[in-house]
Structures are given as structure tokens and as C-alpha cells.
Amino acid sequence: MNINQLETLITISQTMSFRKAGELLNLTQPAVSAQIKSLEDEFKAVLIDRNQPVTLTDSGRVFLEHAYKILRTVEELKQRLSDLEHKPQGHINLGTTTSIAVQILPRVLSYFQDQYPLIKTTIHSMPSSQIMSSVESGAIDIGIAYLFDKSPGLETSMLYYDSFELVVSPNHPLAKSSHTSVENLHHLPFIMLSPDTAVRRFVDQVLRKLNIQPQIVMELSSSEEVKRMVELNLGAAIISKMSITNEIRLGTLKMIQVSELETPHPVGVIYKSGRYLSSAIKQFLNDLKGMPETHFISSE
């Protein structure tokens with residue numbers, strides 16, 4: 001068995017065609033067939049049902065699962081060996097929320113790509129509740145999120161502080177005031193973020209303690225969606241202060257202070273304790289931790 005044979009099997013599973021697999025791998029169809037036949041002979045199992053369309057047998061599906069694992073192991077070996085050359089390079093899977101991605105990642109990644117062009121980064125947008133579990137499971141290498149929760153298997157490092165603020169349209173009745181009491185939120189129509197977001201968890205906790213039942217007229221999955229609805233004066237919202245910098249500057253949203261909401265919330269980087277850190281991940285973590293808090297705050 002060799003790596004080329006595994007790659008051929010994986011490509012056939014994706015294309016369901018010996019011919020298409022050969023085209024993608026720059027192999028003739030007989031060469032593709034020979035590689036699969038060699039695997040089947042070595043493991044004494046039929047891996048592919050060659051009737052049209054081509055499909056994997058039960059043995060083929062089991063083999064495919066292990067083929068992916070073997071290739072991942074080989075990639076990690078290559079990464080470790082390339083690290084010996086002390087040239088930060090490789091691939092980083094970064095998980096964060098949509099709002100944090102919009103707020104800080106353009107500035108951070110622009111700097112990072114200029115300094116280390118051999119390092120590639122893939123951004124995975126997900127709710128706050130999924131980021132820690134995704135880092136723990138290895139689905140992502142690094143998370144950037146609000147540091148509300150702790151896990152013994154994870155390392156965290158604070159980057160900057162954010163807060164959650166009440167915002168309304170300039171045409172909203174509350175827009176004439178700079179402050180309001182939390183009691184005034186009781187009958188206020190609210191556009192809320194979904195329950196799995198950090199902001200919503202905090203808001204629910206605060207309002208529950210104060211026995212306030214918000215009038216929720218809409219639930220949305222991202223701060224960008226919430227801001228657009230608030231701008232249309234469809235309701236008030238409580239969202240990240242960092243996420244509304246541009247709208248406040250342009251005057252499309254008005255921020256109203258509520259003393260009970262004035263709590264600083266740390267945003268930080270999360271990674272798994274004890275895992276192997278490639279040169280790319282190490283460099284990214286070191287640079288991120290070394291950036292001053294002002295680097296994450298919009299200058300607009």
C-alpha cells in the first residue's frame with residue numbers, strides 16, 4: 001500500500017468515476033484501476049462496486065475512513081518536518097463568531113499575511129457556544145471568543161475587552177436620551193441574537209436576575225443582521241459595542257447607556273492544552289498575544 005493508492009481511492013469516492021478520478025490525478029484509467037486492484041488484492045477485500053455509477057462497498061467505506069486518517073497523519077508528519085527549517089508555514093483553522101470576524105480579523109489577518117505569506121488561514125464562523133467544544137475536539141486549531149467559560153483542557157489568553165450596549169434607530173423614542181433605566185426595557189420590543197450567542201446568554205442572565213421579561217419580536221443569528229433590523233426601527237437590541245463603531249459614527253444607530261449592562265467582557269484566544277503546535281500556530285499565537293489592545297479597537 002502507498003499514499004498514491006489512498007489518494008486514488010478517496011478521489012474515486014468523491015467523483016464516483018474511474019475516468020474522472022484519473023483526470024484529476026493525471027493518471028490513465030487503467031492506472032487508476034490497477035491501483036485499486038492492488039489495494040483489493042493486498043487487503044483481500046472488494047472496495048469498489050464497479051457497476052455504474054461507481055460506489056464504495058461496505059469494506060470500501062471502512063477503508064476510506066482509515067485512508068483519511070492515514071493521510072492526516074502523513075500531513076502532520078510533513079508539517080513537523082517542515083517546522084525543523086524554522087520557517088513558519090502551514091495551515092490554521094480559526095473559529096470565531098461572525099461579529100468578531102468582522103470586527104478584528106481583517107486587521108489581524110492583513111498584518112499576519114504580510115509578515116508570513118506561507119501561512120494560510122481558514123476562518124470558520126460559529127456560535128460562541130461551539131467554539132470551545134470545536135477547539136477541544138480538534139475541529140479547529142484556534143478559537144477567538146468571549147472568555148465566559150473555562151475548561152481544564154484549554155488554554156486562554158485575553159486580547160481585549162468588549163461590552164454589550166443597548167442600541168436603537170435614531171427615529172426610536174429612546175433615541176432622544178443618552179441613558180435609560182433597566183426597568184424601561186420591560187415593555188420594549190427587542191430584536192435579539194439567538195440563544196447560543198455570548199451576548200444573548202449575558203442579556204438573558206441580567207434580565208432574569210431583574211425579573212424583566214423582554215418583548216422579543218425577532219431572533220437573528222448575527223450582529224450584522226440585528227443591526228440592519230434596528231436601523232429599520234423594527235426594535236431595540238443589545239449587541240457588542242465593538243460591532244457598532246461604524247454605525248455610531250455614521251449616525252445610523254444610537255447607543256443608549258444602561259448601567260446594569262456596563263460590564264466589561266474579555267475576548268481572547270483559545271487553544272488546546274498539550275497539543276502539538278505547528279510553527280504556523282505558534283507564530284500566530286505569539287503575534288496575537290503580543291498585539292496591544294488598541295490594535296483590536298477600530299479607529300473609525
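Q: How much accessible surface does the protein chain have, and what share of it belongs to carbon and sulfur atoms?
A: In this predicted model, the accessible surface of the protein chain is about 15500 Å², and carbon and sulfur atoms account for 53% of it.

Q: What radius of gyration does the protein chain have, against that of a compact globule of 300 residues?
A: The protein chain has 25 Å, whereas a compact globule of that length would have a value near 19 Å. The C-alpha trace spans about 80 × 45 × 35 Å along its principal axes.

Q: Why is the contact between aspartate 58 and arginine 61 called a salt bridge?
A: The term requires a side-chain nitrogen of Lys or Arg within 4 Å of a carboxyl oxygen of Asp or Glu. For aspartate 58 and arginine 61 the N to O distance is 2.2 Å, so the pair meets the definition. Both residues belong to helix 4 (residues 58–83), where a spacing of 3 residues separates them by about one helical turn.

Q: What makes aspartate 141 and arginine 275 a salt bridge, and where do the two residues lie?
A: Their N to O distance is 3.1 Å, and the cut-off is within 4 Å, so the pair qualifies. This pair links distant parts of the chain, 134 residues apart. Aspartate 141 is in the loop between helix 7 (128–137) and strand 5 (142–146), and arginine 275 is in the loop between strand 12 (265–272) and helix 11 (279–290).

Q: How do you know whether aspartate 141 is buried or exposed?
A: Its relative accessible area is 11%. Buried means under 20%, so aspartate 141 is buried. Arginine 275, at 29%, is partly exposed.

Q: Which residues are linked with Glu224 and Arg228 in a network of salt bridges?
A: The network also includes Lys227, Glu231 and Glu247. For the structure, the count comes to 14 salt bridges.

Note on methods:
Residues numbered from 1 in each chain as written. Predicted model: local features only at pLDDT ≥ 70, side-chain atom pairs only at ≥ 80, totals over all residues. Heavy atoms only, no water. Rg over C-alpha atoms; globule rule 2.2 N^0.38 Å. Areas by Shrake-Rupley, 256 points an atom, 1.4 Å probe, with all protein chains shown as cover. Helix = DSSP H or I, 4+ residues; strand = E, 2+ residues; numbered from the N terminus. Buried < 20%, exposed > 50% of the residue type's maximum accessible area, 1.4 Å probe, protein only.
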